[in-house]
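Thanks for asking me to look at this one. Here are my notes, point by point, to read beside the model.

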Amino acid sequence: MISLFGGKTRRLNKGEKMQFSDLRIKRKVVILLSVLIVFVMLVLSGILLPIVNNALQNLVESRTQNIVEVAYTLLEYHYNQFKKGELDEQTAQKRAIDAIRELRYEKNAYYWINDYNQVVLMHPFSTELIGKDMSDYKDPNGVRIFVEMVKIAKEKNEGFLYYEWKKPGETKPSPKISYVKGFKEWNMIVGSGVYIDDIDIIKNKVLYTIISLILILILMVAAVMFIFQKVIVKPINDMVSVILPVSNGDFSHEIPEKYLKCRDECGDLANAVQRMRKSIIMMSEDANVLAQAARNGELKTRVDSEKHNGAYREIV
């Protein structure tokens with residue numbers, strides 16, 4: 001049995017399939033709002049999140065590149081001092097390396113310098129590597145880090161490299177993205193990078209924000225459903241509880257006064273149902289008067305038809 005508002009309505013005929021229009025209003029709204037929630041979830045997780053992740057990745061790469069440019073500028077500055085004769089080459093190189101060694105950003109983020117022969121010239125934390133040939137050094141994934149840095153410097157002069165490296169004070173390598181740039185005048189390659197798990201922390205914050213938005217949306221939908229049930233579905237059900245008995249000749253039920261005072265569509269419906277109920281009651285009373293008169297042989301008895309409208313007046 002299908003019920004639009006909670007009362008009795010028609011049964012499905014054999015072989016007839018239930019249509020969306022056959023569902024109760026509350027279920028229709030639940031379905032529509034559920035579709036809306038799923039749509040928003042797909043948009044947020046399937047479209048917005050990848051866009052945010054890509055934008056964040058591009059931001060980190062751009063920022064890392066700009067940070068390396070700072071150190072590269074120091075190399076250029078001291079090289080120019082050497083070219084102008086203000087410093088000898090060895091002093092200019094030492095001052096440039098010392099200045100870059102002291103540079104920091106984001107607490108422990110640092111720079112390093114190696115040459116085109118994979119020899120580390122400066123590293124502020126892994127000082128044991130200084131002067132060592134790192135051409136055979138591989139990360140846990142088999143990436144020959146310093147060989148790849150030299151390859152980037154020789155082929156493109158600058159670029160990004162993904163690999164694993166230990167954070168300062170830690171023993172286990174972590175995924176890292178670095179930007180390196182070659183300074184051919186001194187056979188140096190300067191680089192810096194950020195750890196990907198730091199980026200993942202930001203991504204997770206974005207993900208948690210999206211999840212929070214979805215939960216808030218679900219709560220809002222639940223609140224809308226509660227309000228909808230109270231201000232729409234319940235009044236309609238109450239009016240149906242009056243209409244159905246009237247269809248069976250029971251006029252003892254009345255529309256609650258609070259609905260008759262409403263100025264919205266539910267109020268219009270309540271007043272329309274109330275007028276219909278009163279019209280049927282008056283027509284029934286007049287029909288009873290005429291029927292009783294006929295039984296008594298008083299065929300000249302008449303009722304006031306002017307108090308009825310439309311088809312009701314014709315019937316009387």
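1. Which residues have the most contacts inside the largest nonpolar core? They are L75, W186 and V190, in a core of 21 residues. A nonpolar core here is a set of buried Ala, Val, Leu, Ile, Met, Phe, Trp, Tyr and Cys residues joined through side-chain atoms within 4.5 Å. Buried means under 20% relative accessible area, exposed over 50%, and partly exposed in between (1.4 Å probe, protein chains only). Two or more residues of this core come from each of α1 (25–83), α2 (89–102), β1 (111–115), β4 (173–183) and β5 (188–195). The most come from α1, which gives 6 residues.

2. A word on the source before going further. This is a predicted model, in which local features need pLDDT of at least 70 and side-chain atom pairs count only at pLDDT 80 or more, while totals for chains, interfaces and linings use all residues. Residues are numbered from 1 along each chain as its sequence is written, and side-chain values use heavy atoms, with hydrogens and water left out.

3. For the overall layout, the protein chain has 7 helices and 5 strands, in the order α-α-β-β-α-β-β-β-α-α-α-α along the sequence. Helices (H or I, at least four residues) and strands (E, at least two) are DSSP runs, numbered from the N terminus. Of the 316 residues, 35% count as buried. Among contacts with a separation of 6 or more, 51% join residues 24 or more positions apart; contact means heavy atoms within 4.5 Å.

4. Neighbours within four places in sequence aside, V190 is in contact with V68, A71, Y72, L75, Y111, W112, I113, Y179, V180 and K181. There is also a second, separate core, with 18 residues, including M134, I145, M149 and L161.

5. Now for α3 (145–155). Its buried residues are I145, F146, M149, V150, I152 and A153. Viewed down the axis of α3, these fall within an arc of 160 degrees, so they line one face of the helix; the arc is that of the directions from the helix axis to the C-beta atoms. An α-helix has 3.6 residues a turn, so residues three or four places apart point the same way. K154 and E155, on the other side of α3, are exposed. The cover over the buried residues of α3 includes β1, β2 (120–122), β3, β4 and β5.

6. Grid points are joined across faces, edges and corners, and a volume is the space filled by probe spheres set on the points. The cavity lining consists of Y110, W112, H123, F146, M149, Y163, W165 and K176. By class, the lining has 6 nonpolar, 1 polar and 1 charged, where Ala, Val, Leu, Ile, Met, Phe, Trp, Tyr, Cys and Pro count as nonpolar, Asp, Glu, Lys and Arg as charged, and the others, Gly among them, as polar.

7. The largest pocket holds about 520 Å³ of space. Its lining has 19 residues, and E106, A109, V194, Y195 and D198 are the closest to its centre. Elements giving two or more residues to this lining are α1, β5 and α4 (196–247), and α1 gives the most, with 4 residues. The lining divides into 10 nonpolar, 2 polar and 7 charged.

8. S174, in strand β4, deserves a look too. S174 is buried, with a relative accessible area of 8%. Beyond its neighbours within four places in sequence, S174 is in contact with Y163, E164, W165, K167, Y195 and D197.

9. Lastly, check two backbone angles. N157, in the loop between α3 and β3, has a positive phi of about 75 degrees although it is not a glycine. N187, in the loop between β4 and β5, has a positive phi near 60 degrees and is likewise a residue other than glycine. N187 is partly exposed, with a relative accessible area of 29%.

Notes: On a 1 Å grid over the protein atoms alone, a cavity is a set of points where a 1.4 Å probe fits but cannot get out, and a pocket is an open set with protein on both sides within 12 Å along at least five of seven lines; lining residues have an atom within 4 Å of a point.
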